[in-house]
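Dear colleague,

Please find below the structure that I am handing over to you. My notes on what was found in it follow directly after.

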Amino acid sequence: MIRYVTYKRVSTEDQGKSGLGLEAQERDIRIYLDTYSPEPWQVVADVVEIESGANSDRPELWRAVDLAKRSRATLLVAKLDRLSRKVSLIATLMDDPKLTLRVASMPHADKFQLHIYAALAEQEREFISLRTKAALREAKARGQKLGGLRDATMKRNAVLKANADARASKLDGIVRPLREANASLRDIADALNSAGVETPRGGRWHAASVGRLLDRLGV
């Protein structure tokens, strides 16, 4: 029998109380168990933590890790960023020879692939931060004051645009060659879905969403 310790994390106390985010993680974990796990399986512990992903002081995570190792169970999370947003912490967990780790949303990924994904995600977050700061500097240089309700809205819009541009740039190397090879929007959507790439909202790609992505990239 395959044994699992599931670990779910939300970032704030409000999310923990309301269940916001927990339901989605539970759904992904259930899909993995029902679809990808060898049978029979058993969940021996379900651990939930309310803490920022940037914080390494995570008592419930370490409790889940200890439970998994002591019970010879697999530590199962919905997505890699539920473990941490720091590559160093994820690498520590993946390098532990006594710990078996699975990510529900990447059911076939091995430890090496998960390490690469974590590094790319951290790099993307750093790039988004730099683009956001650059957008705000450009707004200030144009004489737009950053303060008050209107300017707070402008700042938020600048952040959203910078984030969207960064996500689009990350996919440019995939979708541009396909489009230049005359692939249809549906073909590109199928390629992204097959590769396990999610939309910015965490869903599946469709022709319309691919079209918006290509417009943002100017393809």
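Read along the sequence, the chain follows the pattern β-α-α-β-α-β-α-β-α-α-α-α, with 8 helices and 4 strands in total. Please bear in mind that this is a predicted model. Of the 219 residues of the chain, 37% count as buried. The accessible surface comes to about 13000 Å², and carbon and sulfur atoms account for 52% of that area. Among contacts with a separation of 6 or more, 68% are between residues 24 or more positions apart.

Strand E1 (2-10) is mostly covered, as 7 of its 9 residues are buried. E1 runs parallel to E2, and 9 bridges join the two. Within this pairing, Arg 9 stands opposite Glu 49 of E2. E1 also runs parallel to E3, to which 4 bridges join it. Here Tyr 7 has Val 77 of E3 as its bridge partner.

Nonpolar cores

The largest nonpolar core has 25 residues, and those that touch the most other members are Val 5, Tyr 7, Leu 61, Leu 75, Leu 80 and Leu 83. Two or more residues are contributed to this core by each of E1, strand E2 (41-50), helix H3 (59-70), strand E3 (74-77), helix H4 (87-94), strand E4 (100-103) and H5. Apart from this core lies another one, of 12 residues, including Ala 168, Val 175, Ala 183 and Leu 217. As general background, nonpolar side chains in soluble globular proteins tend to be buried together.

Once its neighbours within four places in sequence are left aside, Val 5 is in contact with Val 44, Ala 45 and Val 47, among others.

An α-helix has 3.6 residues a turn, so residues three or four places apart point the same way. Just after H8, Gly 218 takes a positive phi of about 70°.

Salt bridges

The count of salt bridges comes to 8. One of them is formed by Lys 8 and Glu 26, whose closest N and O atoms are 3.2 Å apart. Because Lys 8 lies in strand E1 and Glu 26 in helix H2 (residues 22-35), this pair ties together parts that are 18 residues apart in sequence. Lys 8 is buried, with a relative accessible area of 4%, whereas Glu 26 counts as partly exposed at 31% relative accessibility.

A second pair is Lys 69 and Asp 96, whose side chains meet at 2.9 Å, N to O. Lys 69 lies in helix H3 and Asp 96 in the loop between H4 and E4, so the pair ties together parts that are 27 residues apart in sequence. Lys 69 counts as partly exposed, at 31% relative accessibility, while Asp 96 is buried, with a relative accessible area of 17%.

Arg 82 and Asp 81 also meet in a salt bridge, at 3.0 Å, N to O. Arg 82 is buried, with a relative accessible area of 11%, and Asp 81 counts as partly exposed at 25% relative accessibility.

A nonpolar patch on the surface

Which residues form a nonpolar patch on the surface? They are Phe 112, Ile 116 and Leu 120, with about 300 Å² of accessible area together. Phe 112 lies in helix H5 (residues 111-141). Phe 112 counts as exposed because its relative accessibility is 62%, and the cut-off for that term is over 50%.

Yours sincerely

Definitions and conventions: Residues numbered from 1 in each chain as written. Predicted model: local features only at pLDDT ≥ 70, side-chain atom pairs only at ≥ 80, totals over all residues. Heavy atoms only, no water. Patch = residues over 30% accessible without salt bridge, like charges linked within 9 Å, V, L, I, M, F, W, Y side chains within 5 Å. Areas by Shrake-Rupley, 256 points an atom, 1.4 Å probe, with all protein chains shown as cover. Salt bridge = Lys/Arg side-chain N within 4 Å of Asp/Glu carboxyl O. Buried < 20%, exposed > 50% of the residue type's maximum accessible area, 1.4 Å probe, protein only. Core = buried A, V, L, I, M, F, W, Y, C linked by side-chain atoms within 4.5 Å. Contact = heavy atoms within 4.5 Å. Pairing = 2+ DSSP bridges.
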